[in-house]
Amino acid sequence: MTENRVPNDIDRAIARSLRAAAPVPTPDVVDRVLRATSQVPQRRPWTRLRFAPLAAVAAVAVLAVAVGLGIGQLLDPSGTGDPSSGEPSPSPSSVPSESPTAEPSRSPAPSPTEAAGPFPSGQSCENVELGYAVSYPADWHANEEVRPEDEALDPIPACQYFGEEPMEILPNAGLPDSVAISFDLEAEAPPPGGEVIRSERVTVAGRPAELREVAGTGDGPFIAEGDRVYQYLIELPAGDVLIVSTDSTRSGDYEAHRDVLDLMMETLELAAD
Amino acid sequence: MEMTASTHGVWNLREELVQRAMDGDHAAFEALVRPEFDRLYGLAGLLIGDRSRAEDAVQEGLVRAWRDLPRLRDRGRFGPWLRKLVVNAARDEGRRLGRRRRETELTGAHERSGPARELDAVLDRDELAGAFRRLQEDERAAIALRYYCDLSTAEAASALGVGEVAYRSRLHRAVKTLGAALAAEARAVSGPEGGLA
């Protein structure tokens, strides 16, 4: 009996103590916080924001070849592409490309592969969920896919976050400071949230984009005074915006991260137009 | 039967609000969040130990909730999901605050802000609250979710992103620590009598 009563006493004492210690918000806090949420654009649901995974693009290309060859057969039952030569000669352009977009990885890991281009001995990976492939420096790391057991939590696709150190991304949690560069897909371009100190129209992966650098003024809820955000806002065909960012709050050298981001944008390939 | 029907009706209304909020209706989001706000704010304050940071953490959690709501796959899980976002934001904020305090302590310029001192004063009022403040971060969260938010083991474990066994183990450890603090307080109160006996 005593053993039963003691835990109950402790339970009551703990609950009483916490209720007394917990802060209570004033009404203006509630309004202020809800106002801040209203200024943020919502993300698109996963199912709507998928724009042709890379595997689908490759499949469509193969299908197009098959259909093309089938039509060719119909038009030329002899099977010779050139009636004058008598030899079949399929067009080289109808063979699916061997570029990274044609060989998507189905591994949950970023599956880095050695990449050419601006990064000597660099790596590349694909984000099948968001539909892009990108290269990054040889000594950097990309996140691995996270599929939470809890169905209500967001999965995190591989190849979305990059940094100089290995990183662990938790569902529905803040990003660790080791993430230097992140990709995200938004329904629309978010407001700058500070003073725009650089804005250029550029082309990334064949799509129109804005290169933007913002200095925090302390007025907005997201960028503290003195902090910097450097980002590419890439306009996608469906109207979504792929945002690739780095900011000065991340661990490491902000200037160096900006340079890496610029180079990564040179290597970006989108799954479909 | 009436009770079941009524509960069912409330459940449907809530799910309808979640769906409207998922479709971009901010008024529906407000209707869902306002009744929960005090509890979320208090929870964040307990986890961080600083009133002004509690507001930052709740704001961060709610901004994430509004932004990512269209990607929520189970409308019925809105409440636990929201709590999890706020718990995660509070833990992030607590770690940032801890880092900043350590840095300022190193430079000798550390001084607790007004609201933080206020909360410290409340927490230091008795041994039990002081012991709560000295718990590990994950133990504090385990205690606050059970005794402040009145969550079941399954709900609290889900909010912390751990299994039920791991949660029970943390809770047991934390309750044991607090129990020892409570016993120490009891001894202190009855000290002179005990000494005479």
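Student: How many residues of chain A are in contact with residues of chain B?

Tutor: In this predicted model, 46 residues of chain A touch 54 residues of chain B.

Student: How much area do chain A and chain B bury between them?

Tutor: Interface size is often expressed as the accessible area lost when the parts come together. Here the two chains bury about 4,300 Å², with 63% of that on carbon and sulfur atoms. On the chain A side, A:Pro23, A:Gln42 and A:Arg43 lose the most area to chain B, together 16% of what that side buries.

Student: How many salt bridges does the rule find across the interface?

Tutor: Two are found between chain A and chain B. One of the pairs that form a salt bridge is A:Asp31 with B:Arg34, where the closest N and O atoms lie 2.9 Å apart.

Student: Which elements of chain A supply the side that touches chain B?

Tutor: Helices H1 (2-21), H2 (27-38) and H3 (46-49) and strand E6 (181-186) of chain A each contribute at least two residues. H1(A) gives the largest share, 10 residues. By type, that side of chain A has 29 nonpolar, six polar and 11 charged residues.

Student: Where in chain B is confidence lowest, and where highest?

Tutor: The mean pLDDT is lowest in helix H10 (residues 191-196) of chain B, at 44, and highest in helix H2 (residues 26-48) of chain B, at 94. Chain B as a whole averages 79. The model scores ipTM 0.77 and pTM 0.56.

How values were computed. Residues are numbered from 1 along each chain as its sequence is written. Chains are lettered from A and ligands numbered from 1 in the order in which they are written. This is a predicted model: local features need pLDDT of at least 70, side-chain atom pairs count only at pLDDT 80 or more; totals for chains, interfaces and linings use all residues. Side-chain values use heavy atoms; hydrogens and water are left out. Contact means heavy atoms within 4.5 Å. Buried area is the accessible area (1.4 Å probe) that two parts lose on being put together, summed over both. A salt bridge is a side-chain nitrogen of Lys or Arg within 4 Å of a carboxyl oxygen of Asp or Glu. Helices (H or I, at least four residues) and strands (E, at least two) are DSSP runs, numbered from the N terminus. Ala, Val, Leu, Ile, Met, Phe, Trp, Tyr, Cys and Pro count as nonpolar, Asp, Glu, Lys and Arg as charged, and the others, Gly among them, as polar. pLDDT is the predictor's confidence in each residue, from 0 to 100.
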